[in-house]
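Hi,

Here is the structure I said I would pass on.

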Amino acid sequence: MSAVFNLHETFRDDFSYRNSARAIRRFPLPFSEDSYMYSVNIEPHLPGPPGSVTEFAFDVDEHYVAECRERAIVLAAEPLRYQALPHMMSSQWDCLELIMESLARDYPTHFSLAKQGNRWHWINRPLQIDQHFTFGDTATLPRQPLDYITRQAQGDFVVMDQREGDLWTEAGMVTTQADWSLDFDLGMTFKEWHGPVPLAHELGVFDRALKFLLNLRLGQPVRRLNWTMTIHPRLDTSPENYPQWGTDRATVTAQNAGDLVHLRVELQGLWRLPRSNAIVFGIRCYLVSLRELATVPKWARRVHRVLKDLHPALVDYKGLTRYRDAAVEWLAPFDDGSPTTPGTAPE
Amino acid sequence: MNDAQTIAVEVIGIEQVTPQIKHFKLAAVAGGSLPVFSGGSHIIVVMQGADRIHKNPYSLLGSPQQLDTYEIGVRRMEESRGGSHFMHDRVVIGSRLEIAHPVNLFGLDKIARKHVLIAGGIGITPILAQLEDLHGGGVPYELHYSVRSAEHAAFLERLRRREGDRLHTYYDSEGQMIGFETLLATQPLGTHVYVCGPAGMINHVIATAKACGWPDSHIHWEQFSAPPVGDAFEVFLARSKISVQVPPDQSLLESIEAAGVEVPYLCRGGVCGFCHTRVLELDGDLIHNDHFLSEADKAKGNSIMPCVSRAHCKRLVLDL
């Protein structure tokens, strides 16, 4: 991605967040056909085409600086959005290593990492950070390692310890979430954490996903896409702050849906961590308004059809009940009934 | 896994540490560090034999802090199908091998209040690396190491030097036995036990711990089975639409791979369950040798772990 950051955009108050034409074209549309149902849609996290959101392990895009600032705002008000249980320290260092090495390798103009044994030197140019520290020695960093590095990364991170044939949610940085709470879920097993998801348990999705993840291999990360919708480009739709955003959903009409309603896509990546044998789950959030989305004719037709026919249980679970009809009505003029080509490319 | 993801290594050290065990040091051919790992991990070593490829799991026994080399210990198996003999007889300093990234199926529990480690013979290898993870961690632990006699006690000097009075050794030759009943009945709540060694020892530790009221979640064990030899039989791969002959001294997984069909696997020792395969038809009996399927699942006879299990039949049809 280019070095140009949207330095001043916001995800609250005046909501000045916008996508450039280039950002729209690379948006990770999660619908490969005109309808949607859950599946274990996990694939190897291999490098995608140049310029795509999967070109590198962690995508750094035009929203990087603004998203890091938004994270700092949330953490200042609610420090418990970052938590790590004491036995997760080795996994914290694993995460710091993974993120620093990936960013320095993939974006050398923005980040650099120099190592002399355990003495590391990290430079983050967009955020103007220059840090010498000793890998493994928490006292040499201004914050805990996971806290430190995820304040410099886009997307949420959850670290799961593996024991007793299960995965336990025991550390994380969660400030850009779709209505779930790390503070509430900390310490839960994999299926407890996913308890509220409808239909998928009955489909056996979590049995298969857990079995797959328990055998996730070092050096072979995987990814999947998930999605929901959000009113305004608001990253922090947390249960803690529900009073601030819940009522937004009652303000949507067929006239303003194009600007208020955003498709919210999570690029979820999963990596086995080497020292701790834990798994880090990255949840990178992309937001696009229906108006931005409709600049791609195929996507407008497809999203119109997916929303119109979405299973009622998913409409409720994703919190779309109040405004789904308005969004469908706003998108309807873009759908002339002509077929869409397979796959998600904008064509 | 497939072989595109292996790492080329060179053997840079070999030491005969007991009459049956050789200690190998491996370094990356490309130079630099090998992947970081955690104590209890194993690697698959890929050996290019004269007429076939051997792929055996070996535990990493070196320190996870020292990544310029990986260390493994290989016991020469009497009934070897080739892998351990290849390592003992054919591999010399300078030999090149392929290895897969480490996998940990025998990790330490990070919320344990205490660790009790029990090793029998070659079972000391994964525990050596677990000990490295425990050093300086502040959680109490003790090691009980049982061998036939002093000359069979691999890595004993290393253990004595590092573990001091945490190490308890037992020599069969002198009639010394680990008192499992007392050991397991007197541990504080929150203790986890880890055992690696002969099948009899593992089964005894599990049974004793359960009898003492230990929860399953606090009992850890690892035993890689070598695929036993057996009768020849024919397997038909329903999706690939090919027939494969499985000779007596080759495993089902190896035979399928030799026919060019890839089966996902991790441990090749009947532990992880990754190669779990559906049985569609069978005109005889399955011979389950894995530690993954429950007795009930084994009795159902509708699935198999081709890495170590085989069949006594004329024809087996698999969903592959």
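Helices (H or I, at least four residues) and strands (E, at least two) are DSSP runs, numbered from the N terminus.

Before I go on, some housekeeping: this is a predicted model, where local features need pLDDT of at least 70 and side-chain atom pairs count only at pLDDT 80 or more, while totals for chains, interfaces and linings use all residues. Residues are numbered from 1 along each chain as its sequence is written, chains are lettered from A and ligands numbered from 1 in the order in which they are written, and side-chain values use heavy atoms, with hydrogens and water left out.

Back to α5(B). Its buried residues are M201(B), I202(B), V205(B), I206(B), T208(B) and A209(B). Buried means under 20% relative accessible area, exposed over 50%, and partly exposed in between (1.4 Å probe, protein chains only). What do the buried residues of α5(B) pack against? In chain B, they pack against strands β8 (114–120), β9 (141–147), β11 (191–196) and β12 (219–221), plus helix α4 (180–185). Just after α5(B) comes G213(B), with a positive phi of about 95°.

Now for where the chains meet. On the chain B side, 21 residues are in contact (heavy atoms within 4.5 Å) with 15 residues of chain A. The area buried between the two chains is about 1,700 Å², with carbon and sulfur atoms giving 53% of that. Buried area is the accessible area (1.4 Å probe) that two parts lose on being put together, summed over both. V36(B), K110(B) and I111(B) supply 35% of what chain B buries against chain A, more than any other three residues.

How many salt bridges cross the interface of chain B and chain A? The rule, a side-chain nitrogen of Lys or Arg within 4 Å of a carboxyl oxygen of Asp or Glu, finds one. That one is between D161(A) and K110(B), whose closest N and O atoms are 2.8 Å apart. D161(A) sits in strand β6 (residues 156–163) of chain A and K110(B) in the loop between β7 (103–104) and β8 of chain B, so this pair joins two chains. D161(A) is buried, with a relative accessible area of 0%, whereas K110(B) is partly exposed at 26%.

Over all chains, a search of the whole structure finds 38 salt bridges. Among them is K114(B) with E142(B), the closest N and O atoms being 3.0 Å apart. This pair links distant parts of the chain, with K114(B) in strand β8 and E142(B) in strand β9 of chain B, 28 residues apart. Both K114(B) and E142(B) are buried. K210(B) and D216(B) form a salt bridge as well, at 3.7 Å between the closest N and O atoms. There, K210(B) is partly exposed, with a relative accessible area of 46%, and D216(B) is exposed, with 52%.

R71(A) lies in helix α2 (residues 64–77) and counts as buried, at 2% relative accessibility. A polar atom of the R71(A) side chain lies 3.1 Å from the backbone oxygen of A153(A). Leaving aside neighbours within four places in sequence, the contacts of R71(A) include T150(A), D156(A) and M173(A).

F31(A), in the loop between α1 (21–25) and β1 (43–44) of chain A, also counts as buried, at 2% relative accessibility. Not counting residues up to four places away in sequence, F31(A) touches residues including Y36(A), W227(A) and L263(A).

F15(A), in the segment before α1 of chain A, has a phi near 45°, a positive value in a residue other than glycine; F15(A) is buried, with a relative accessible area of 10%. D179(A), in the loop between β7 (166–173) and α5 (182–185) of chain A, has a positive phi near 60° and counts as partly exposed, at 40% relative accessibility.

Cheers

Methods
Polar contact = N/O pair within 3.5 Å; in protein donor to acceptor, adjacent residues only side chain to side chain.
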